[in-house]
Amino acid sequence: MTSMEMAITIGAIVLGTMCTRLLSFFVFPNDRKVPKFVAFLGKAFPIAVIGMLVVYALKDTVILAYPHGLPELISVVATTIVHLWRRSMMLSIGGGSVLYMILVQAVF
Amino acid sequence: MSSSKKAFSYAFPLTIPIGVSFVFLGIGLGLYGISQGLPAWLPPVIALVVFAGSMEFVTVSLLLAPFDPIGAFILTLLINGRHIFYGLSLLEKYGDKGWKKWPLILGMCDESFAINASTTLPDDVDKGWFYLHVTWLNYVYWSVGTLLGGVAGTLLSFINFKGIEFVLTALFLVIFLEMLLSATKVQPIYFGIAGVILAIIALLVVGKTAFMLTAMFGMLVLCYIAYKWGGVRYD
């Protein structure tokens, strides 16, 4: 690819990304009343989408071959237990991540 | 304390885990870019103008493939289509924030969405400033990490960072748990579980590239059914 072609490709990706970011605000500008169903979506979606983001963050987990997703499973369970126990974001995230790093580097 | 400073004191601690992981993931992007033969300055430029997580790794691979800007555009819509639903969820929170609305919208990423959509702030904290601080901090973490990876990545390669990406998994998981725990009604819990199940089904059916967009469309249909025929309301 020439430098010009690279610039055009990056431009196309930026344009696509900005379209997805702007679309909802373009369709429902704040001077127009948001339909009731859309307001309902705005309340129902965040928790569902954050649940989806958990799956998104785990999408590269290897299940069918060794280690069969065990490091991820163990770390997710441990993070959940620590969080339910202390409810400290720093402790849960820090502890879970250190455990995962030990598991993928030294155990599995 | 000014309203901006006060909002910062709430925003900054929440972004620390994101900062840690973004710097290391950014280093990863920088290293990946140079390992594929791109100049060291290009990954930071991609980080600054695209700023959309996994799409930037895809960008590097697209730059090495035959020239196809239309294909790149369509692939971007598939991978980043989830932003449409972030916007939909944040219409009310971002819509009335004056000039701040634009950097908030254009600087949106998964992590800023997760923090800004889930955090309940005391009334005396300026929400617009809080959202903006979260957004720009995440942007800076990512850009700095990518720059470090491009410029000094090889110097850092003696440390084994394998697995550091779990910080983001844990972040989303903990935010999700907090939202479930703080729910005062049963509806949000059902919506949360529905989101997880839809994402898993979509991942198995359509694969990694477009599953988030697919799952969100599924959620849209589910919400419509619940609202129209199930009579489900939030307030």
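In the predicted model, Cys223(B) is in contact (heavy atoms within 4.5 Å) with Phe37(A), Phe40(A), Leu41(A), Ala44(A), Phe45(A) and Phe191(B), once its neighbours within four places in sequence are left aside. Together with Phe113(B), Cys223(B) touches the most other members of the largest nonpolar core, which holds 93 residues; such a core is a set of buried Ala, Val, Leu, Ile, Met, Phe, Trp, Tyr and Cys residues joined through side-chain atoms within 4.5 Å. The largest share of this core, 15 residues, is contributed by helix H2 (residues 36-57) of chain A, where helices are DSSP runs of H or I with at least four residues, numbered from the N terminus. Residues are numbered from 1 along each chain as its sequence is written, chains are lettered from A and ligands numbered from 1 in the order in which they are written. Because the model is predicted, local features need pLDDT of at least 70 and side-chain atom pairs count only at pLDDT 80 or more, while totals for chains, interfaces and linings use all residues, and side-chain values use heavy atoms, with hydrogens and water left out.

The interface draws 66 residues from chain A and 93 residues from chain B. Between them, the two chains bury about 7,300 Å², of which 79% is on carbon and sulfur atoms; buried area is the accessible area (1.4 Å probe) that two parts lose on being put together, summed over both. On the side of chain A, the most area is lost to chain B by Arg21(A), Phe25(A) and Ile47(A), which together account for 11% of what that side buries.

Across this interface, 14 residue pairs are in polar contact, both residues being at pLDDT 80 or more; a polar contact is a pair of N or O atoms within 3.5 Å in which, within protein, one must be able to donate a hydrogen and the other to accept it, and residues adjacent in sequence count only if both atoms are side-chain atoms. The elements giving two or more residues to the side of chain A that touches chain B are helix H1 (3-27), H2, helix H3 (70-86) and helix H4 (89-107) of chain A, and H2(A) gives the most, with 22 residues. Two salt bridges are also found across the interface, the criterion being a side-chain nitrogen of Lys or Arg within 4 Å of a carboxyl oxygen of Asp or Glu. The side chains of Lys208(B) and Asp60(A) meet in a salt bridge, at 3.0 Å from N to O.

Asn80(B), in helix H4 (residues 69-80) of chain B, is buried, with a relative accessible area of 0%; buried denotes under 20% relative accessible area, exposed over 50%, and partly exposed in between (1.4 Å probe, protein chains only). The side chain of Asn80(B) makes a polar contact with that of Thr17(A) at 3.0 Å, and residues touched by Asn80(B), not counting those up to four places away in sequence, are Thr17(A), Thr20(A), Ala52(B) and Met55(B).

Backbone features were also examined in chain A. A cis peptide bond, with omega about 5°, joins Tyr66(A) and Pro67(A), and Pro67(A) lies in the loop between H2 and H3 of chain A. His68(A), which lies in the loop between H2 and H3, has a positive phi of about 55° although it is not a glycine, and is partly exposed at 46% relative accessible area. A positive phi, near 50°, is also found for Arg87(A), which is placed in the loop between H3 and H4 of chain A.
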